[in-house]
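Hello,

Here is the structure you were expecting. My notes on the core and the charged pairs follow below it.

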Amino acid sequence: MADAGQPVGRIDILAADERTYLLEDLNRTAAPYPFELCIHELFEAQVQKAPEAVAVVYEKERLSYGELNARANRLAHHLIELGVKPDQPVAICLERSLAMVVGLLAILKAGGAYLPLDPAYPSARLRQIVGDAEPKLLLCDVAGRTALGAEAVADVTVVDLETATPTWGERPPSNPDPGALGLSSRHLAYVIYTSGSTGIPKGVEMSHGALVNSLAGIGTSKLRTLQFATLNFDVSCQELFICWKDGGVLVLVREETRRHFSDLLEFIEREAIERLFLPFVALNHFAEVWSAQRVQLPSLRELYTAGERLQATPLLRTFFEAHPNARLINQYGSTEISVISEHHLAADPSCWPQMPHVGRPIVNTRVYLLDGHGAPVPFGAVGELYIGGAAVARGYLNRPELTAERFIASPFVEGDRLYRTGDLARYLPDGNLEFLGRNDDQVKIRGYRIEPGEIVARLCEHAWVREAVVLARENDAGDKHLIAYVVCAPEAGSDEGGGGGLAGALRAHLSARLPDYMVPSAFVRLAALPLTVNGKLDRNALPAPADQAYALAAYQSPQGAVETALAQIWAELLGVERIGRNDHFFELGGHSLLAVQMSSRLSQAVGVELPLSTLFARPVLSDLAASIVELLSCSGPQELPSIAAVSRHEPLVLSFAQQRLWFLAQLNEGSTNYHIPLALRLRGMLDRSAWQRSLNRLFARHEALRSVFVATQGKPRVEVLPPDAGLPIVEHDLRERSDAEAAFLDLCHEEGRTPFDLARGPLIRGRLIRTADEEHVFLLTQHHIVSDGWSMGVLLRELSQLYRAFQAGQDDPLPPLAIQYPDYAAWQRQWLSGERLQQAQYWRSALAGTARLVLPTDHARPAQQSFAAAAVPITVDADLTRELKRLSLQHGSTLFMTVLAAWAAVLSRLSGQDDLVIGVPSANRGRREIEELIGFFVNTLALRLDLSGKPRVSELLERTRRTVLAAHAARRTGWKWSVDHDERATPGS
């Protein structure tokens, strides 16, 4: 290595030829285009060629190219007299009409940048845009003036395009001279506002030259084109000028017709529409309505789709089979880059893949797939999409920080700029781009990072599914669950009986193809996916799942007290309102963590400690209840000690886990090995007062976070800092630093290297690093002695709730905690006595005589443990996952047990040892009252696996199953406690 000090993540792993192929060969797109022209000059060129040809049609009105040009020119001269200059935003707020088209062309011809405002938008949104862009001029009609309100237009010169006798009627019909206006292709054509992640819309500034280049790379046919999109959707510009640059006819449609696809179909047939633009969700709905009406559209030739990932649904295939002269064209782009690639799908829909790619970059466009460090990913790997070349927008109006963040200097081509899309993609073997969805569409469930698009792809393989969306929703308890929304084919029948037949079928379908954590908990059936006014998926309109969305068996009400109590526990944990006696815990979305919580709640509800092995063996509610009744009849209800608050006037004890970690800290003072780091990227305007108040409240709420550990004569005890001490936060502002990136990394390293003082505390601290006006990074570090992985989920959930409440001026929304971690520690020492020590005896027996694992490494084991490690990702494909599940089912084990057995077999083969101990972390939250506490609860189960005697696979699976279930039964003590308290243990043992 040339630089041994560089971060591992920044090491270039690409061979020189692959790097050249990715950065240069795939981006050889240079081609001539009329870069000096403004976009309206493409229209004017057609006026010169065929002035009498029809340019635009609206209901019974039509204008020729010459007439439309003359009207737009007269208005443009008037706008110039009103002071319009290049790059100046000019607002336009009209209903669909010929006046709308005239107004848009006039703004461009006058040198202004049109700022579209949709009269259908809420007035508050329109006023927000006007307040940010501050246009001096507004073109409107009655609907536009009404939508904006008198206050919004008070300081704006208003030009009413509905006036019967326009003052500009006598202005010259000639084209304004761009040279005389100082107008060039570098100036802005429009400013279109899109939704911002912070809730504040951002105005994208797009130049004439970028739009001209995009149009040079697509569409070369003279076609009758439907103007479907509203002007504030960037594809509307494409609809207008892809039509006019080749002399086509633009057909406007009434808003009422546009919104009702049954009427739209008849309109397209009547108007002989040849070219149509629709986002994917709207396109699929269009095909669904067509399948019911079967209106033939013989004129249709090109159907463009973009904005969302295209799925080749059965509805689309059927539609295009019935229209062999029409081609489906899949485009990729965004408001910041217009269109940068497109793929013409094959004429035969049977050849289409389920998820069609988006083709290759168009002319004068460069595409890069980069990792989190800005380095190219290997060919075929997934990376974030960065776009360079002629099509990139100038930036965001009045948002220099956001512009600098999203539009960066290209490290690959001098003088070029790259737009960071936030989208994920990869190259297919033939060099085409596969769009995979948004980078922020990724969700994390139970520690697993999941791409919902992968689940959607598998769902759409089912014959019953026409289209699907998968997203993560939080239930009332704040836990995230995957929810699938599906639009079904007629073959699916109905779910009117509420039996969850569809959910059961789709769950079975996915379970055979995906890991358990990727199988949605619920499947919501919709007649159609909800759409925004622009035809995109409206995620906010997706409903919460009802009971029939879960894989419920035919409903029979629970019978008896035990079944009723069990059903109530399941309903709370699984988020299902109605549980029947035939329902299956795992098919309703249950998993191992929920199984532990269920066992805890069950012991408190009916006085039975149920072994997890019983749940795995009998997961149907009625069967499980029968096992519980059998246990009760044999031993009766067990009196389990409750966790009660202890006096704070007496010395507080450490839990066994804390005592062990405190002892290790004395041996290695200044160690940072047991730090728990967290980094949060905060985008948008941060209310720093509400943020600090939220952290302080969290600190005051949980005594574990305020605990310090002092010792008298070598014996530790817990002391709790006062609740008003506040969580210590150090603030840094890097906005003016030229070396901001290096300074940020230095701060991260400094935070990671700084030890805690267990005796003084606090054992949690934060750094708030400001990197831009609307971007911060918050570093939070805790010592493991006061927290664990589960606690991080509690912390983030409560921090989010507190911040939202305090930012809105509300009070603390969190319910008070009945107990605290020191109460649990005292209870744990009380509980681990008498017959509970039998669990400790299990661990002593299970681990007696174990030997150290010796692997054939390429270096000697260091004398002192270094904690240096790396994560090696391993992908298990769908076919192997399906086979592993089948094998597990055959042998009565879980997928975890099967994979554990396989891992043990690998270690045995590498080491030559047949007696192995493998550590598995356990949440150790076996009581309901501690589920919402922050503290150090996590436990490690030492699983001793016996591979002696050359066991067959079936025998090894059975041994593993017995070991796992026995360890779970003794999980509360854990092997470490047993070793610590074994009176026979000797120093160094």
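Helices here are DSSP runs of H or I with at least four residues, numbered from the N terminus. By that rule, Arg259 and Glu255 both fall in helix α10 (residues 255–259), four residues apart, or about one turn of the helix. Please keep in mind that this is a predicted model.

Salt bridges

The whole structure contains 43 salt bridges. Arg259 pairs with Glu255, with 3.1 Å between the closest N and O atoms. Both residues are partly exposed: Arg259 has a relative accessibility of 43%, and Glu255 has 25%. They also belong to a salt-bridge network with Arg96 and Arg258.

Glu384 and Arg420 form another salt bridge, at 2.9 Å from N to O. Glu384 is in strand β17 (residues 383–389) and Arg420 in strand β20 (residues 417–427), so this pair ties together parts 36 residues apart in sequence. Glu384 is buried at 7% relative accessible area, whereas Arg420 is partly exposed at 27%.

Arg688 and Glu731 meet at 2.2 Å, N to O.

Nonpolar cores

The largest nonpolar core has 85 residues; Ile39, Leu68, Leu75, Leu79, Leu139, Phe241 and Trp244 touch the most other members. Helix α4 (residues 98–109) supplies the largest share of this core, nine residues. Beyond its neighbours within four places in sequence, Phe241 has contacts that include Ile39, Phe43, Leu104 and Leu215. A second, separate core of 77 residues includes Val57, Leu278, Trp570 and Leu612.

Regards

Key:
Residues are numbered from 1 along each chain as its sequence is written. This is a predicted model: local features need pLDDT of at least 70, side-chain atom pairs count only at pLDDT 80 or more; totals for chains, interfaces and linings use all residues. Side-chain values use heavy atoms; hydrogens and water are left out. A nonpolar core is a set of buried Ala, Val, Leu, Ile, Met, Phe, Trp, Tyr and Cys residues joined through side-chain atoms within 4.5 Å. Buried means under 20% relative accessible area, exposed over 50%, partly exposed in between (1.4 Å probe, protein chains only). Helices (H or I, at least four residues) and strands (E, at least two) are DSSP runs, numbered from the N terminus. Contact means heavy atoms within 4.5 Å. A salt bridge is a side-chain nitrogen of Lys or Arg within 4 Å of a carboxyl oxygen of Asp or Glu.
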